[in-house]
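Trainee: I would like to go through the aromatic side chains of a model. Please give the general idea for each feature, then the case.

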Amino acid sequence: MKQQILETIRQNDTIIIHRHVRPDPDAYGSQCGLAEILKTSYPNKSIYVVGETEPSLEFLYKMDIVADDIYNEALVIVCDTANQARVSDQRYKTGKSIIKIDHHPNDDKYGDLLWVDTEASATSEMIYELFLAGKEEDLVLSKKAAELLYAGIVGDTGRFLFPSTTEKTFQYASALISEGIQPTSLYDELYKTKRNVAQLSGYVLQNFTLTSYGSAHMNITKEMLQQYDVTPSEASQLVSILGNIDGVRAWAFFVEESSQIRVRLRSKDIVINQLAKKYNGGGHPLASGASVYSWEEVENVLKDLDLLCQQN
Ligand SMILES: [Mn+2]
C-alpha cells in the first residue's frame, strides 16, 4: 500500500492535504509533516495544507488558502481522520482522487486508496514510515518535517506514556531527533498552560467524582467555561489529568458547547469505543469521543460506563 501511495503521489502535480476538525498535534503533524516531505522531495509539485487554524498549534505550521478550482486536478490526501464528517474543509470530496492515511479503526472506508494501521501510535508515525518506504528513491526529510512528525507522535502518545507507544515509536522518535530537532523547545510550546486553564484543572481535581467500580467523571458547564474564561477545546484537553488518580479505571469528561455536550472517554484497560459509538462517536479502544445533547443523556453515559467497569 505504501508503494501504491508513493506511486500515486509521483503521478500528481497538485496535492492537497487535509486532516480532522479540532486538530491536535498529530493532525497537524501528519498533515504538515507529509506536506514538508513532499515539498522538499518534489519542488515542482504544488502542495497545499488546508483546514481550520488552531491558534495553539499555529506555531507548527500555517494553513494555505486554496481556490475551489484547484481541486479539479488535485490528489487529496486525508490524514488522521477516521470518518468523512470529521474532515476539516469538506471540499476534500471534490478532488480527482482521495487517499486516506489513518490509525483509527477503519469504520468509514472512504477514499480510492486506504492505508489504515490501528497499531500505529500516531498517523505521524505512519508518515515517517511512508518516508522510510520512499527514501531510497526520492523522498527527503527536512528538519521541519522531522519536527512536525515528532510533535504528532509526542501528542498522540502523551509524551510516550500511552499504551499505544511501541518499540517502533521509540525507534522513529530517535531517528527524528537525530535530524537535529529540539524536543525541549517543542515541549515548551506544546505543553504551555494558560493560567486560567491551570486554575480550571485545579477545580477538576478538587471536584471530580469516582465510583466504587472505578469510573470517574467531570462535567464542565457553559457557566464554568465563562467563569474561567476557557474555551471548550481547552477544557477538553484536561481529560487526561484524571488518569493518574488511584482507583480510576475509565473516565468521562463532559464539556457543554452551544448545541451539544462533547464527551471525552478514556480508559486504562476497559475498551470504551463501543460505548462512544452508542452516543454518536467513536475512536480508539482506550480513547474515544462522543456527543450527547442533554444532561439526562450524560447520566445514561455514566450508567453505561460504570456498568462496563462493574462487568470487566
Ligand atoms: Mn492521531
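Trainee: Is Phe170 buried, exposed or partly exposed, and what is its relative accessibility?

Mentor: Buried means under 20% relative accessible area, exposed over 50%, and partly exposed in between, with a 1.4 Å probe and protein chains only. Phe170 has 46%, so it counts as partly exposed. Phe160, at 18%, is buried. This is a predicted model, where local features need pLDDT of at least 70 and side-chain atom pairs count only at pLDDT 80 or more, while totals for chains, interfaces and linings use all residues. Residues are numbered from 1 along each chain as its sequence is written, and side-chain values use heavy atoms, with hydrogens and water left out.

Trainee: How many aromatic pairs does a search of the whole structure find?

Mentor: Rings of Phe, Tyr and Trp (its six-membered ring) pair if their centres lie within 6.5 Å; planes under 30 degrees apart are stacked, over 60 edge-to-face, and the rest tilted. The search gives eight aromatic pairs. One of them joins Tyr92 and Tyr110: with centres 6.3 Å apart and planes at 65°, the pair is edge-to-face. Tyr92 is buried at 0%, and Tyr110 is buried at 4%. For Phe160 and Phe170, the centres are 5.3 Å apart and the planes at 25°, so that pair is stacked.

Trainee: Which residues do ring pairs link into a cluster?

Mentor: The cluster consists of Tyr150, Phe160, Phe170, Tyr187 and Tyr191.

Trainee: Over which ring does the charged end of Arg159 sit?

Mentor: A charge sits over a ring if NZ of Lys or CZ of Arg is within 6 Å of the ring centre and within 35 degrees of the ring normal. For Arg159, the ring is that of Tyr191, with the charged end 3.5 Å from the centre.
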